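Please open the model in your viewer and keep the selection panel at hand. The tour goes from stop to stop, and each stop names what to select next and what is there.

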Amino acid sequence: MFDTEVETRDESAQRERDETAFSDQLEYLYRNSPFYRDKLTAAGFCDPGAVGGLARLGALPFTTKDEIRATQAEHPPFGAHLAATPEEVRRVYSTSGTTGEPCYIAVTGPDLKAWQRISARSYTAAGISAGQRVVLTYNAGPFVAGAVMDSFALIGATIIPVGSGNTERVIRAFQRLSAEAIACTPSYALYLIDWCQERGIDPASLGVRRFSVAGEPGGGETAIRERIQSAFGATVNEAMGIADVSPSIWGECHEQQGMHWSGRDYVHVELIDPGTGEKIPWTDGAEGELVYTALRREAMPILRLRSRDRVVVNTKPCTCGRKSVRVRCVGRTDDLLIVRGVNLFPTAVRSVVHEFGDRVSGAILIRPRVRGIRQDRPPTVVVELAERVTPDTALATEIETAIRAKLVVSTKVEFVEHGAIPRSEYKIKLVDFSAAG
Ligand SMILES: [Zn+2]
């Protein structure tokens, strides 16, 4: 464990500390953040006293990415939620802008230190340790993922920064530097298997013991995880972060039964019903969207930020000793399709298709019939076949039946030959609207 005292603390003791931190953060918001002062006042909370404690958090309005985008457009470059002076800002990241204009994320020195600590906890859970030689495939570019390197340094790992798009260098790091671990997206781990096999390299010969995967859902899906683990003879653990909150804030321990909450003392997390916005209790098996509230943030504190990440909760006691709740991410609202009223996450379709692993490659592409979330007709699922496997209607029916049985959605399976679906060295796109009407 990176912060044993914090990570083994009882929930009740944690809650007490969080109450104090929340009340201080609220005072700070009213004093320094015109965005939140106005937003809370408009919602009928004229001062911190009117808000009350964490128990009343559910009465406060959410913050959305669109609001952050709007305030940055209106008050460039950082927006009215900037609560520190521009001179106190030590680093400026930006979001990828996949769902709109990119946003800036400014952090002060103490904000950066908090990110390092939170991420170090999550990556320690996910198997990164002091002295371990670890290949880092995240670029030190404009995105928050680049700050993961700071947390590896804090852990004391022997970092081998390679960045993305340089697979030969990744392979060389394993072969010549005897790297033991790699931090990458699950898509990249899958890409690496194909890359090795196309060149006659046995992935297991590389000696990689640990994959700490993050950046997209997938590393927690049984079929995908097993594919990576068996190809490399390695263990896969997931981590998850969110740009506006922390590069990494959830980390999965050796039990591999979901990612532990790693944001204690710095961030408060809620679970909500994404449809109604109502709070959902943290009970075992509960499913909902994660909502984050900063407890000690200087430059850009966020209050009830909707993550659009959907998770399933695991509250069972864990043998690793961490007392925090665990989650498995099942998908992102941004990728969601609603097919005749039923929610369909593309990652769930991929998971079902992966179960036909001996006959398919595992790569899929969903082609909805119309643009937008709502679909009246079954979307096409393009399934890539394994090498030397020929298309066959019986297999298509088998996959369609499995998808309908598990996900309650009708689809139309179409096959393409091995290698036809583009692979990604970063995050994979599973939905293709280009042919949609
Ligand atoms: Zn654990």
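Angles between axes under 35 degrees count as roughly parallel, over 145 as roughly antiparallel, 65 to 115 as roughly perpendicular and the rest as oblique. The axes themselves are lines fitted to C-alpha atoms, for helices over the stretch in contact, and the angles run from 0 to 180 degrees between N-to-C directions. Helices (H or I, at least four residues) and strands (E, at least two) are DSSP runs, numbered from the N terminus.

This is a predicted model, in which local features need pLDDT of at least 70 and side-chain atom pairs count only at pLDDT 80 or more, while totals for chains, interfaces and linings use all residues. Residues are numbered from 1 along each chain as its sequence is written, and side-chain values use heavy atoms, with hydrogens and water left out.

**Two helix pairs**

Select helix H9 (residues 186–198) together with H10, whose axes come within 10 Å and cross at roughly 45 degrees. H9 and H10 are therefore oblique to each other, and H9 passes H10 in a left-handed crossing (left-handed if the near helix is turned anticlockwise from the far one by less than a right angle, right-handed if clockwise).

Next, select helix H11 (residues 346–354) and helix H12 (residues 393–407), which pack at an angle of about 130 degrees with their axes 10 Å apart. H11 and H12 are therefore oblique to each other as well, but the crossing of H11 and H12 is right-handed.

Select strand E5 (residues 181–184) and E6, which run parallel and are joined by 4 bridges; Cys184 has Val213, in E6, as its bridge partner.

Then move to strand E12 (residues 305–314), which is mostly covered, since 8 of its 10 residues are buried (under 20% relative accessible area, with exposed over 50% and partly exposed in between, for a 1.4 Å probe and protein chains only). On one side, strand E11 (residues 287–294) runs antiparallel to E12 and is joined to E12 by 5 bridges, with Leu305 in E12 as the bridge partner of Tyr292. E12 is also joined by 6 bridges to strand E13 (residues 326–332), again antiparallel, and here Asn314 has Arg326, in E13, as its bridge partner.

**Rings and charges**

The structure holds 8 aromatic pairs (rings of Phe, Tyr and Trp, taking its six-membered ring, pair if their centres lie within 6.5 Å; planes under 30 degrees apart count as stacked, over 60 as edge-to-face and the rest as tilted). Select Phe211 and Phe232, whose ring centres are 4.7 Å apart and whose planes stand at 55 degrees, so the pair is tilted. Phe211 lies in strand E6 (residues 210–213) and Phe232 in helix H10 (residues 222–232), so the pair ties together parts that are 21 residues apart in sequence. Phe211 is buried at a relative accessible area of 0%, and Phe232 counts as buried at 1%.

Select Trp250, Trp261 and Tyr292 next, which ring pairs link into a cluster.

Finally, select Arg199, whose charged end sits over the ring of Trp195, 3.9 Å from its centre (NZ of Lys or CZ of Arg must be within 6 Å of the ring centre and within 35 degrees of the ring normal). Arg306 lies over the face of Phe62, at 5.1 Å from the ring centre.

Definitions and conventions:
Two strands pair if DSSP finds at least two bridges between them.
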